[in-house]
Amino acid sequence: MVKHFLSLEWKSFLRSASFGKSLGIKIFMGFIALYFIILFLGMGLLLYPGLKKTFPNKDPLLIVNSVLFYWILADLIFRFFFQKLPVMSVKPLLQLPIKRRDIVNFVLGKSALSFFNFLPLFAIVPFGITLIVKDYPTSAVLGWMIGLVLVTLIINFLNFIIESFSAETELSILPIVLLTGGLYALNHFNIISFNEIISNGFNAIYNAPLLNLTLLIILGILYWFNFKLLRQKLFLDSGLKTKIKEVNASNLEWTKNFGDIAPFMKLDLKLIWRNKRTKSSVWMLALGLLYGLFFYPQPTYQNLPWFFVFIGVFSTGIFLINFGQFIPAWDSGYYKLLMSQNIKYEQYLKSKFTLMSVSVIILFVLGIPYVFFGWKILLAHFAAAIYNVGVNTHVILYGGSFNRKKIDLSQKAAFNYQGTGAVQWLIGIPLLILPMGLFALFYFLVGFEVACLIIAVFGVAGIVLHQKLMRVITAKYLESKYKMINAFDENK
Amino acid sequence: MITTSNLSKKYNNNLVLNIESLDIPKGQSFGLVGNNGAGKTTYFSLLLDLIQPTTGFIKTNNIQVNESEEWKPFTSAFIDESFLIGYLTAEEYFYFIGELRNQNKADVGALLSQFEDFFHGEILKQKKYLRDLSKGNQKKVGIVAALIGNPEVIVLDEPFANLDPTTQIRLKGIIKDLAEKKGVTVLISSHDLMHITDVCERIVVLEKGEIVKDLATNKATLKELEAHFTN
């Protein structure tokens with residue numbers, strides 16, 4: 001039976017419509033995986049000598065045990081966002097003579113082979129070997145390592161339970177926030193010191209490896225619980241039924257102020273708010289806005305004013321980049337409708353332009369507190385915002401006319417590269433690198449203020465030439481109309 | 001109203017449509033039948049300028065569709081679900097189409113009120129997005145949306161598929177009414193010979209992209225069509 005499932009999985013991988021087309025993305029993901037592997041490997045190798053050097057009087061193993069609790073919390077959060085239960089398309093299997101039990105076991109078993117479960121091994125194994133080399137008792141260290149592997153698997157299955165509860169609540173991140181936040185708070189305020197419990201637990205496992213049986217029992221219970229949950233869902237009217245959310249309609253009357261582009265503005269706002277993938281680009285706003293906080297508090301970056309513009313363009317333009325790069329693919333699902341309707345292409349594009357420009361202004365205003373780190377930063381951000389409105393909006397709209405990749409709006413958001421093509425990577429160059437390069441050039445040649453001025457002048461020029469640029473862009477879209485309809489019509 | 005001359009469409013040297021000449025007068029209810037791959041949807045797509053012809057052209061009201069966009073204000077269509085916007089509710093979708101066709105909410109509301117029977121209480125005020133409606137209900141929405149804004153040409157691809165019997169009968173009434181009383185040129189395609197002979201005053205049979213029959217509907221038409229498709 002498992003053999004059949006495996007061959008189905010393999011075929012679905014090889015024959016998926018996007019296979020090959022998205023090879024670049026697969027390579028990119030491969031690099032990310034490699035990066036994490038190296039990171040963990042390095043951690044595993046350097047942990048022992050590093051800890052020994054920093055805390056010469058303490059046992060590195062005890063130190064590691066004492067922070068395991070935080071690792072568990074972090075792993076849970078990370079997995080919640082990035083690991084999903086590997087569901088096969090089970091619908092066609094249901095009416096075949098296959099026991100439901102087998103299907104569930106296969107799905108759960110497959111999840112144990114996830115990359116997320118192997119990643120910790122890259123740190124655990126080298127660290128364990130170092131311990132053995134340093135004359136720790138071999139059997140105890142092995143027991144400790146097995147314990148950690150069991151905990152990894154426990155986290156794996158705990159995550160799916162959390163996710164299955166999240167799926168039923170309106171605010172899907174609430175359960176994980178409550179759980180991890182609650183555990184952290186209980187621990188932090190010393191109400192129940194999980195940190196100590198887990199630390200002592202692992203010290204005990206180290207001393208008596210048979211205690212791993214407890215972990216095994218916990219794992220068994222979680223597996224059983226998952227089994228129960230999944231089994232219930234294997235009916236057409238429960239888990240496999242697509243969820244229908246009730247609409248919370250708002251009429252967005254205020255968009256009337258935008259005149260003839262109002263219908264499209266309304267449509268775009270609903271598009272953003274009612275689809276998972278686009279909704280996530282709204283959350284990215286927060287990330288973009290706080291991006292500067294990674295850099296500005298550090299004195300190193302304080303002395304690199306030419307870098308300010310890069311952060312300025314990024315943090316005021318995060319929505320522009322995120323949303324803009326997939327114009328018009330956002331509308332790919334109903335592109336034929338738009339093309340046969342009584343619309344002016346220019347209005348359609350202008351609505352997108354307005355949306356992006358407004359987002360830049362809002363993000364700039366929200367970013368004003370950065371002035372705390374120096375007025376130069378605010379000035380650079382201001383110039384960057386003007387550049388975003390004047391230049392980047394047009395560049396990204398123009399780039400959109402080369403867009404040939406369909407986006408299925410109902411798909412999940414994180415790590416979803418559907419619709420991404422070479423255009424999306426290439427467009428980053430003029431958007432981010434060009435203004436930074438220009439700025440750096442004038443900064444070193446003349447000075448900070450002049451460099452800001454140059455960037456702003458480019459932006460203003462773009463705003464002045466807006467009508468002309470839009471005509472060029474519209475012509476470009478009209479030219480690629482049939483190609484776009486054809487590409488968006490393909491099922492992939 | 002609609003004239004087609006020397007129209008052909010090739011995909012990689014594979015001729016999928018080849019119509020030398022076809023004239024559809026104003027106010028005619030025109031039916032297109034043919035097996036899968038006969039070229040029905042290709043013809044409609046060419047009529048709506050969604051694909052480019054290899055040779056020839058279609059003119060509606062003397063406007064060549066692949067050169068000017070002036071045909072858009074008086075033409076509307078529902079080809080498939082890709083004409084629906086999944087994340088809108090039915091009302092929002094109707095109003096959106098209305099806005100594109102210069103109809104205010106009251107106009108659209110007045111039109112919708114005529115179709116309460118047709119909707120059968122399953123479309124309006126449902127608090128559901130279109131993507132969550134059943135296939136049949138989606139089709140109802142698409143068809144009615146194609147009627148917004150008093151179009152002179154309406155194109156419906158396979159309007160009867162996925163509809164329940166009651167709705168099929170109501171839809172036939174609507175289509176007949178449009179052509180007979182309002183002078184609208186209605187173009188539909190169907191695999192259901194019975195429905196299409198009921199509704200259309202003229203039926204064209206396509207086979208591998210070519211017109212093989214052009215019939216004015218009468219009592220014998222259904223028999224004739226059935227005979228044609230039997231062999």
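Trainee: Which residue is the bridge partner of Thr60(B) in β5(B)?
Mentor: Ile63(B). Before we go on, this is a predicted model, where local features need pLDDT of at least 70, side-chain atom pairs count only at pLDDT 80 or more, and totals for chains, interfaces and linings use all residues. Residues are numbered from 1 along each chain as its sequence is written, while chains are lettered from A and ligands numbered from 1 in the order in which they are written.

Trainee: OK. How many bridges join β4(B) to β5(B)?
Mentor: Two, with the strands running antiparallel. Two strands count as paired if DSSP finds at least two bridges between them. The strands themselves are DSSP runs (E, at least two residues), as are the helices (H or I, at least four), numbered from the N terminus.

Trainee: What do β4(B) and β5(B) form?
Mentor: A hairpin, with two residues between the strands. Asn61(B) sits in the turn and has a positive phi of about 50 degrees.

Trainee: And what order do the strands of that open sheet take?
Mentor: β2-β1-β4-β5 in chain B, four strands with antiparallel pairing. β2 (14–24) and β5 (63–64) of chain B each have a single partner strand, so one side of each is left without a neighbour in the sheet.

Trainee: What does β1 pair with?
Mentor: Strand β1 (residues 2–11) of chain B pairs with β2(B) over nine bridges, in the antiparallel sense. One bridge pair there is Lys9(B) with Leu17(B) in β2(B). β1(B) also pairs antiparallel with β4 (residues 55–60) of chain B, over five bridges, and Ile2(B) stands opposite Thr60(B) in β4(B).

Trainee: New topic: how many residues does each chain give to the contact?
Mentor: Chain A gives 24 and chain B gives 25. On chain A's side, α11(A) has the largest share, five residues. That side divides into 13 nonpolar, six polar and five charged. Nonpolar is Ala, Val, Leu, Ile, Met, Phe, Trp, Tyr, Cys and Pro; charged is Asp, Glu, Lys and Arg; the others, Gly among them, are polar.

Trainee: What about helices α17 and α21 in chain A: how do their axes cross?
Mentor: The axes of α17 (residues 375–400) and α21 (residues 466–479) of chain A come within 9 Å and cross at roughly 15 degrees. That makes α17(A) roughly parallel to α21(A); angles under 35 degrees count as roughly parallel, over 145 as roughly antiparallel, 65 to 115 as roughly perpendicular and the rest as oblique.

Trainee: Which residues make the contact?
Mentor: His394(A), Leu397(A) and Tyr398(A) from α17(A), with Leu469(A), Ile473(A) and Lys476(A) from α21(A). By class, that is four nonpolar, one polar and one charged.

Definitions and conventions:
Two residues are in contact if their C-beta atoms, placed from the backbone, lie within 7 Å. Axes are lines fitted to C-alpha atoms, for helices over the stretch in contact, and angles run from 0 to 180 degrees between N-to-C directions.
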